[in-house]
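Consider how the parts of this chain are arranged. The text below starts with an aromatic pair and then turns to the strands and a helix.

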Amino acid sequence: MELQKVLTTQEFADTLKCSPKTVRKNYCITGVCYGIKPLKVGARLLWPTSEVAKILNGEVAE
């Protein structure tokens, strides 16, 4: 079994040049942020790097 690489909410926000509060707010309202659904581990949100890379390459996250 291979582990998936993930970003914390702070790293996700830094990568997309927005505030972590914006990320959390979008997640709370819609269940996703920029089309990405995070993995929830306890109280933490972990964002898959493969989906973040798609956004940075101009692709639409599914």
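One aromatic pair is present in the structure. The ring centres of Phe-12 and Trp-47 are 4.3 Å apart and the ring planes are at 5 degrees, so this pair counts as stacked (rings of Phe, Tyr and Trp, the last by its six-membered ring, pair if their centres lie within 6.5 Å; planes under 30 degrees apart are stacked, over 60 edge-to-face, the rest tilted). The pair joins distant parts of the chain: Phe-12 belongs to helix α1 (residues 9–16) and Trp-47 to strand β3 (residues 44–48), 35 residues apart. Helices (H or I, at least four residues) and strands (E, at least two) are DSSP runs numbered from the N terminus. Phe-12 is buried, at a relative accessible area of 0%, and Trp-47 is buried, also at 0% (buried is under 20% relative accessible area, exposed over 50%, partly exposed in between; 1.4 Å probe, protein chains only).

This is a predicted model, in which local features need pLDDT of at least 70 and side-chain atom pairs count only at pLDDT 80 or more, while totals for chains, interfaces and linings use all residues. Residues are numbered from 1 along each chain as its sequence is written, and side-chain values use heavy atoms, with hydrogens and water left out.

Strand β3 also belongs to an open sheet of three strands, ordered β1-β3-β2 with antiparallel pairing; two strands pair if DSSP finds at least two bridges between them. At the edges are β1 (6–7) and β2 (39–41), each pairing on one side only. Three bridges connect β2 and β3 in the antiparallel sense. Val-41 lies opposite Arg-44 in β3.
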